[in-house]
Amino acid sequence: MTKILDGFGKPCPMPLVMAKKEIDAGNCDIAVQVDNETAVKNLTRLAKKTGLAVSCDAIEGGWLMTFAEGDGGAPAEPDLSAAPAAGAACSTAGGCGYAVFVGKDHVGEGDGELGYNLMKMALYTLSESEVPPASLLFMNSGVKLVAGDEAQIIDSVKKLEEGGTEVLVCGTCLDFYGLKDALKVGEVSNMYDILGRMQEAAKVISL
């Protein structure tokens with residue numbers, strides 16, 4: 001019997017955490033009621049990551065995300081002998097590569113224009129680095145950078161993404177600033193995944 005989880009009124013990433021706890025406990029026959037598109041995207045990504053099938057049905061006030069065993073069953077164990085993505089050199093003790101956290105749209109405090117230009121230069125420098133970050137994480141006003149019109153910033157982040165850097169952008173932050181439909185590069189994500197990338201990294205650089 002399918003277990004229904006009520007995610008109505010719960011902010012990101014609570015619906016995701018609720019579903020993941022059930023899946024980790026071995027219960028894949030679940031459905032989650034959610035009332036925002038960010039949760040729909042996050043749960044879809046969770047299903048893909050865990051090898052499960054998921055369907056999305058409109059219900060009163062939102063959507064019902066129903067999980068089930070996929071056609072191929074659980075995904076095979078990853079081949080750990082494969083080469084990691086660029087910038088993601090791993091060690092069991094020290095974590096994987098480094099992550100860059102961008103929590104605002106400027107570097108340092110003082111003159112706003114200078115701080116913005118410094119951020120633009122920092123992202124460009126990262127894109128030209130021989131050892132790019134494994135993850136580039138945008139939160140709070142930092143999301144304005146990847147939802148703005150500054151071509152150099154967008155090009156720098158796209159170059160990093162094409163080179164293997166995972167670019168995650170806080171969906172709650174995009175919603176707060178009214179930028180959900182303006183995102184130009186990166187993947188809409190959530191607090192759970194963003195913190196997870198920090199925990200996995202050997203070190204985290206905050207800009």
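Author: Start at F138. Setting aside residues up to four places away in sequence, F138 touches V102, V143, L145, V146, V157, V167, L168, V169, C170 and I194. Contact here means heavy atoms within 4.5 Å.

A word on the ground rules. This is a predicted model, so local features need pLDDT of at least 70 and side-chain atom pairs count only at pLDDT 80 or more, while totals for chains, interfaces and linings use all residues. Residues are numbered from 1 along each chain as its sequence is written, and side-chain values use heavy atoms, with hydrogens and water left out.

Now the core around F138. The largest nonpolar core has 31 residues, and L123, L136, F138, V143 and V157 touch the most other members. At least two residues of this core come from each of β7 (98-102), α3 (112-127), β8 (135-138), α4 (143-146), α5, β9 and α6 (171-176). β7 gives the most, with 5 residues. There is also a second, separate core of 16 residues, with L5, C28, I30 and L52 among them. A nonpolar core is a set of buried Ala, Val, Leu, Ile, Met, Phe, Trp, Tyr and Cys residues joined through side-chain atoms within 4.5 Å. Buried means under 20% relative accessible area, exposed means over 50%, and partly exposed lies in between (1.4 Å probe, protein chains only). Helices (H or I, at least four residues) and strands (E, at least two) are DSSP runs numbered from the N terminus. In soluble globular proteins, nonpolar side chains tend to be buried together.

Look next at T165. T165 sits in the loop between α5 (151-162) and β9 (166-170). T165 counts as buried because its relative accessibility is 3%. Its side chain reaches the backbone oxygen of P133 at 2.6 Å. Leaving out residues up to four places away in sequence, T165 touches P132, P133, A134, S135, L136 and L160. L136 is one of the core residues that touch the most other members.

N190 is another buried polar residue to check. It lies in the loop between β10 (187-189) and α7 (191-200). Its relative accessible area is 0%, so N190 is buried. The side chains of N190 and N42 are joined by a polar contact of 3.2 Å. Such a contact is a pair of N or O atoms within 3.5 Å; within protein, one must be able to donate a hydrogen and the other to accept it, and residues adjacent in sequence count only if both atoms are side-chain atoms. The N190 side chain also reaches the backbone nitrogen of Y192 at 3.0 Å. N190 and M139 are 51 residues apart in sequence, yet 9.2 Å apart in space, C-alpha to C-alpha.

G171 belongs to helix α6. G171 is buried, at 2% relative accessible area. Apart from neighbours within four places in sequence, G171 is in contact with T38, V188 and S189. G171 and S189 are 18 residues apart in sequence and 5.5 Å apart, C-alpha to C-alpha.

Move to the charged pairs. The structure holds 8 salt bridges. A salt bridge is a side-chain nitrogen of Lys or Arg within 4 Å of a carboxyl oxygen of Asp or Glu. K3 and E22 meet in one through their side chains (2.8 Å, N to O). This pair links distant parts of the chain, with K3 in strand β1 (residues 3-6) and E22 in helix α1 (residues 14-24), 19 residues apart. K3 is partly exposed at 39%, whereas E22 counts as buried at 15%. E128 and K159 form another salt bridge between side chains (2.6 Å, N to O). Here too distant parts are linked: E128 is in the loop between α3 and β8, K159 in helix α5, 31 residues apart. R45, E187 and D193 are linked in a network of salt bridges.

Finally, the whole chain. The protein chain has 7 helices and 11 strands. Of its 207 residues, 40% are buried.
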